[in-house]
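Open the model in your viewer and keep the selection tool at hand.

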Amino acid sequence: MTDDLMSRDGRTIADIERLRFFPATATGGAGSYVVEEGGRRVLDFSGSWGAASLGYSHPAVVEAVSAAVGDMGAICLGSCAVEPAVGLAEDLLARMPDERERRVWFGHSGSDANDAVVRLLEAAMPRRGILSFVGAYHGGSAASMSVSGHSSQSHAPARPGLTRLPYPDPYRPQFAPDLVEGALADLDRRFESEIEPDEIAAVFIEPIQSDGGVIVPPAGFLKGLEERCRAHGILIVVDEVKVGIGRTGLFHAFEAEGLSPDIVVYGKGLGGGLPLSAVVGPAALMDFSSAFAIMTAAGNPVCAAAGRAVLRTVEEEGLTANAAAMGERLLSGLARLAQRHALIGHVRGRGLACGVELVRDPVSREPASSETAKVVYRAHQLGLILYYVGMQSNVLEFTPPLTLSAAEADEGLAILDRALEDVAAGKVADEDVARFAGW
Ligand SMILES: Cc1ncc(COP(=O)(O)O)c(C=O)c1O
């Protein structure tokens with residue numbers, strides 16, 4: 001029996017918990033690098049799907065977590081007013097875009113946070129309908145899956161009363177001649193015919209649709225959606241789990257269009273790697289006691305302390321501005337790569353939430369799904385962690401730590417350049433990638 005980490009993983013970890021793209025291992029991490037079994041350092045352009053907002057082993061998180069765990073690790077927020085959790089709630093409330101009275105709920109993951117929103121809506125709102133988007137990923141737990149629309153979750157039943165709208169995609173526009181006008185007119189038409197708007201409780205939206213393909217909605221769409229929701233009393237739930245907390249060069253991604261959401265959902269980067277999520281919503285809804293449910297360790301002092309350290313560090317180290325600057329550097333480097341590699345169909349993103357869509361043909365835009373699997377496989381061989389997303393599994397996703405340096409950005413671009421070249425030259429075989437299912 002082989003005893004390397006990958007073999008032990010194969011004997012112990014459930015397949016349903018795996019999302020593997022290449023034979024990666026991890027025994028440590030520092031800054032933007034993961035340390036693999038055997039000691040190789042690999043640059044991480046995924047940042048563990050955006051969770052490693054400050055990279056790995058950032059001293060601010062290490063210190064905050066160590067202090068909290070050495071002090072009162074297990075205290076339950078549900079039954080006790082706990083300093084780090086209340087402090088973190090105050091930090092989040094202070095960042096809301098308007099003066100409405102709000103409360104904060106804490107959980108462990110983006111999934112349970114979106115679940116909590118569905119539970120609250122169900123309990124507190126007489127309206128039964130929900131809107132979300134084709135391609136949306138709001139989580140892997142029952143209720144969050146039931147309002148998602150991602151191809152990887154086709155096994156999960158949609159929530160009764162759910163309507164999925166097309167998420168406007170500038171590279172693959174669903175409406176012509178004007179994508180924004182078309183998408184909003186489509187919504188208006190639905191409100192007049194197939195959906196009763198006064199029966200809709202809320203719309204769930206990702207301000208950049210991440211797992212659906214890093215789709216940046218065209219300017220004006222989010223605002224137009226907000227206006228229509230306001231007109232019909234539909235609550236706006238913005239899922240900032242992947243792109244919030246400074247990643248897009250703004251604290252909230254929704255600020256790009258000056259939205260004022262009713263409910264904001266946080267996860268991933270908020271905990272800097274620790275299991276932490278939060279929902280910030282209207283007090284009347286968040287205090288609705290008939291929706292009572294409790295999770296013993298939610299908002300625990302260790303994770304809350306990590307969250308406070310992340311928010312403080314993002315501010316003190318100017319990481320929102322760094323995300324904007326490094327994002328521009330990545331996007332212009334990727335645009336240069338697009339001129340040399342026929343596989344690159346589209347480069348897009350905002351700050352350090354970038355996507356590169358790979359296609360077989362620039363005119364037909366046929367998704368290059370197997371080639372994408374090979375590119376990330378080869379990139380890993382060459383020293384770069386990069387995963388892919390998208391309904392056709394053909395979009396490279398870049399969500400590196402917000403602490404990324406210019407040298408690291410350039411290093412990753414150089415590796416990707418070579419990986420694209422090697423795949424085009426046929427250096428990666430179908431069999432190499434066959435055992436990695438990806439999405
Ligand atoms: C936008 C969005 N919401 C929610 C989730 C679920 O978060 P988690 O996997 O931490 O439960 C994800 C995960 O990819 C996400 O991208």
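Each stop below names what to select and what is there.

This is a predicted model: local features need pLDDT of at least 70, side-chain atom pairs count only at pLDDT 80 or more, and totals for chains, interfaces and linings use all residues. Residues are numbered from 1 along each chain as its sequence is written, and side-chain values use heavy atoms, without hydrogens and water.

**The ligand.** You get 13 residues, with S111, Y137, D211, D239 and K268 the closest. Zoom in on S111: a polar side-chain atom sits 2.5 Å from a ligand oxygen. Next, D239: an N or O atom of its side chain is 2.7 Å from a nitrogen atom of the ligand. The protein covers 85% of the 390 Å² of accessible area that the ligand has on its own (Shrake-Rupley method, 1.4 Å probe).

**Salt bridges.** The whole structure has 33 (a side-chain nitrogen of Lys or Arg within 4 Å of a carboxyl oxygen of Asp or Glu). Select D430 and K374: their closest N and O atoms are 2.6 Å apart. D430 lies in helix α13 and K374 in helix α11, so the pair ties together parts 56 residues apart in sequence (helices are DSSP runs of H or I, at least four residues, numbered from the N terminus). K374 is buried at 13% relative accessible area, while D430 is partly exposed at 48% (buried is under 20%, exposed over 50%, partly exposed in between; 1.4 Å probe, protein chains only).

**Last stop.** Select D98, R100, R102, K223, E226, R230 and D262: a network of salt bridges links them.

Methods:
A residue is near a molecule or strand if one of its heavy atoms lies within 4 Å of it. A polar contact is a pair of N or O atoms within 3.5 Å; within protein, one must be able to donate a hydrogen and the other to accept it, and residues adjacent in sequence count only if both atoms are side-chain atoms. Helices (H or I, at least four residues) and strands (E, at least two) are DSSP runs, numbered from the N terminus.
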